[in-house]
Each structure stands twice: as structure tokens, then as C-alpha cells.
Amino acid sequence: MSTTSNAIDRDELTKWVGEMYSTFTACTNSHSAEDVEAFWDKFAVDRETIFVRPSGNPLTVQGYVEMATSKDITKHSGEVIKVEHVKDFADGKAATVFFEGSQKFDYKDSPNDDNAKYSVTVEKQSDGSLKFVFFQRYPGKSNLS
């Protein structure tokens, strides 16, 4: 990581990824539009920032609200398994993070137990907070054991 004084600290970034992912999981599980909007307001640069699904379909906050409140996804849980790669840029004020997360959920009553890969591009804001400008989930690998 960059050594610039305003640079994103790797430990801070790793902690942020864990908090962001657990909040993402919780808002999906709650089926609450308010929770999804609160997640976007806290962690995304703005409500037009996109989350790209494994299908390649991009969602803004409104699209994710529609998906999360549909109740097609139930019993959702997940955690960060490991931050695999961090690359800072913009003089240390932004970074891309590649991480693995576990997800267990039912989709339309079909159980899923996935370890999925994620990419998130994070920017340090003028107030020192971190916000994502891009977030993507890649197709997961089901745990069949």
C-alpha cells in the first residue's frame, strides 16, 4: 500500500470489507428497503453506484431493493473468508480489493452454499470514511461436501 499520509490503511480496509459484507448480508436477509438504502448510504459513494451480480446484471440501490425485498432469497448468512488481494492507486486514496466470502441462502426454496469471489473498488472520502465505487460478485462455487 502507498505510504502517503492520507492513504488507505490496509488494516482499516480489511476491517471495512468485513463490516461492509456483514451489513450487506444483513440487509439482504431483512427484506427491508430501508435497510438496503441504509447500506448503500453508508458504504457506497452514491445511490447510482452499482453492484454487479454473477449473471453480469448491474444493480443500483433501487434494483437491489427490488431483489432483496422480493423474498426469493431467504435464510441468508455470510462472512468474509479471506482478503486475497489489495492494490492501491490514486496516491493511496483508492484501492481495489479482491476477497472470498461464504454465502448460505435459499433462493426460491432451493438451498445454496457458496464460496464466492468479490471485487470492490474503494475510495477514501474527504471525511476519512471509505466508500465503494464499484462492487461485483463473481459466480460462486457450491460446497458440495
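Which residue's side chain does the side chain of Glu34 join in a polar contact? In this predicted model, the partner is Ser32, and the contact spans 3.2 Å. Glu34 itself belongs to helix α2, which covers residues 33–43. Its relative accessible area is 57%, and Glu34 is therefore classed as exposed, since the cut-off for that class is over 50%. Val65 stands 31 residues away from Glu34 in sequence, yet their C-alpha atoms are 8.5 Å apart in space.

Attention may now turn to the salt bridges, of which the whole structure contains six. One of them pairs the side chains of Lys42 and Glu19, with an N to O distance of 2.6 Å. Because Lys42 lies in helix α2 and Glu19 in helix α1 (residues 10–30), this pair ties together parts that are 23 residues apart in sequence. Lys42 is partly exposed at 45% relative accessibility, and Glu19 is partly exposed at 33%.

A salt bridge of 2.7 Å, N to O, is formed by the side chains of Lys117 and Glu84. Lys117 is located in strand β5 (residues 110–124) and Glu84 in strand β3 (residues 73–89), so the pair links parts that are 33 residues apart in sequence. Both residues are partly exposed: Lys117 has a relative accessible area of 26%, and Glu84 one of 30%.

Salt bridges with shared partners also connect Glu37, Asp41 and Arg47 into one network. Within this network, the side chains of Asp41 and Arg47 meet at 2.8 Å, N to O. Asp41 is partly exposed at 41% relative accessibility, as is Arg47 at 36%.

Methods
Residues numbered from 1 in each chain as written. Predicted model: local features only at pLDDT ≥ 70, side-chain atom pairs only at ≥ 80, totals over all residues. Heavy atoms only, no water. Helix = DSSP H or I, 4+ residues; strand = E, 2+ residues; numbered from the N terminus. Buried < 20%, exposed > 50% of the residue type's maximum accessible area, 1.4 Å probe, protein only. Polar contact = N/O pair within 3.5 Å; in protein donor to acceptor, adjacent residues only side chain to side chain. Salt bridge = Lys/Arg side-chain N within 4 Å of Asp/Glu carboxyl O.
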